[in-house]
Amino acid sequence: MRLTDQKIRGLKCKPNGKPNELSDGGYPLAIIATRRTKSFYFRGRQNGKSLRKKIGGYPECNLATARDIALKMKLETKNGELSPKPKPLPKLTPIQDTRPTTNEVFVLYMKDEGSQKKDGGLRKWQRYEKEVAGRIGRKKIADVTHDDLFDIVSEKYDAGFPQASNTIQADLGRFFKWSLSKGRRKSGLTSNPMKHVVKLASTNARTRYLSEQEIRWFFECLHVVGDFSGAFESLLYTAARKSEIMLAKWTQVAEEKLTIGDTKNSLPHLIWLHPSIRDNYFVYKDENRSKVFDVSHVAITKPMNRLRNAIREKASDVGVEFENFNLHDLRRTAVTHMSSFLDSNDHQIISYDIRDKILNHKPRGTQARHYDQYDGYAEKKAAWKKYGDWLEKIKNSRD
């Protein structure tokens, strides 16, 4: 603080008799009070060393005069500075990097996208934690590079898990696409590092479907899956997705109809139940459970293995090579055989559009998406009935 006459008059030596000193803020000046005198001193630096010179005693030399002399002395000294010690620079608060990490953005992504999944995106969470979080989870998402992501995908492929590698690539692709579009304000991304990271494993579309003889074996061996038999048979009859049948609730069943509101593509799906499965599985409501089938839609590995092995034995007995199938192949089985139903003029009885509606695929084209809102339920019901009757003949013709 700057000196004033009042401060100077009140300045005394220290209680122990030692000199007391006050600096004049902003000027190279100080006043020192001893037991008998008060004197002004110039304070500065010369050649890197502290310098102190007496200007005059107080009150003979007043404050204004002492300041003028101090400023002149400062100009006369080499490398003079305003004060004996340079004022320290103000402490700068380090700029904090507030950009979100990959983990933080993934949490936001799953809150948005995972809520649309029947299992809340549980398996996607598990894959991320196992394969991705430890590699780039704590890294700022804006700093993630193409090489970081390619290494994750390629290492899984090199380890001998090609399909798992493709799954991770698809997961990361959807995540970064969301981060660059819907989640851009939260992620701060300006480019997509997944843009040129491609699937490394062959992505040839599956063509597997069950022949008429394999369908016959399917019915003959269905008992080996235990409680899963009703769900597996319903999948074959309806061509529905696995989760749509295995997670079906009694509240969705009304007489001959099963209404699925929450589907993979968010399109409601109205399914006609053939009497063969309706009378066996969709009539007797169990008050102790909300689901129609008391099974887990994710614990199907063991029952599927039992079913495939049983069918393989049947095929081996007649010298036929059997290729494994999965539950999704039952959808392909249904529409493939529906395509083969011909009228007397060799024209398809069940059209492509109706088969597409049975699969509950998203409509293509402007008219189908925005104008034509007809659900085709009557035509779908006729197709399901013809196909179901055909399955009944196969079931009843078992050896």
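In which helix is the place of Ser165? Ser165 has its place in helix H6, where helices (H or I, at least four residues) and strands (E, at least two) are DSSP runs numbered from the N terminus. The model is a predicted one, in which local features need pLDDT of at least 70, side-chain atom pairs count only at pLDDT 80 or more, and totals for chains, interfaces and linings use all residues. Residues are numbered from 1 along each chain as its sequence is written, and side-chain values use heavy atoms, with hydrogens and water left out.

Ser165 counts as buried because its relative accessible area is 0%; buried means under 20% relative accessible area, exposed over 50%, and partly exposed in between, with a 1.4 Å probe and protein chains only. Leaving aside neighbours within four places in sequence, Ser165 is in contact with Val153, Lys156, Tyr157 and Leu200, contact being heavy atoms within 4.5 Å.

Helix H6 also has a part in covering helix H4. The buried residues of H4 are Lys124, Tyr128, Glu131, Val132 and Ile136, and what covers them includes helix H3 (102–113), helix H5 (146–158) and H6. The 15 residues of H4 should span 21 Å at 1.5 Å a residue, and its end C-alpha atoms are 20 Å apart, which agrees; the expected span is 1.5 Å times one less than the number of residues.

What lines the largest cavity? Its lining is made up of Phe106, Lys124, Arg127, Tyr128, Val132, Ile168, Asp171, Leu172 and Phe175, and H4 (122–136) and H6 (162–180) each supply at least two of the lining residues. On a 1 Å grid over the protein atoms alone, a cavity is a set of points where a 1.4 Å probe fits but cannot get out, a pocket is an open set with protein on both sides within 12 Å along at least five of seven lines, and lining residues have an atom within 4 Å of a point. The largest cavity holds about 70 Å³ of space, a volume being the space filled by probe spheres set on points joined across faces, edges and corners.

The second largest pocket holds about 650 Å³ of space. Among its 19 lining residues, Lys357, His361, Pro363, Tyr374 and Asp375 lie nearest its centre, and H14 gives the largest share of the lining, four residues.
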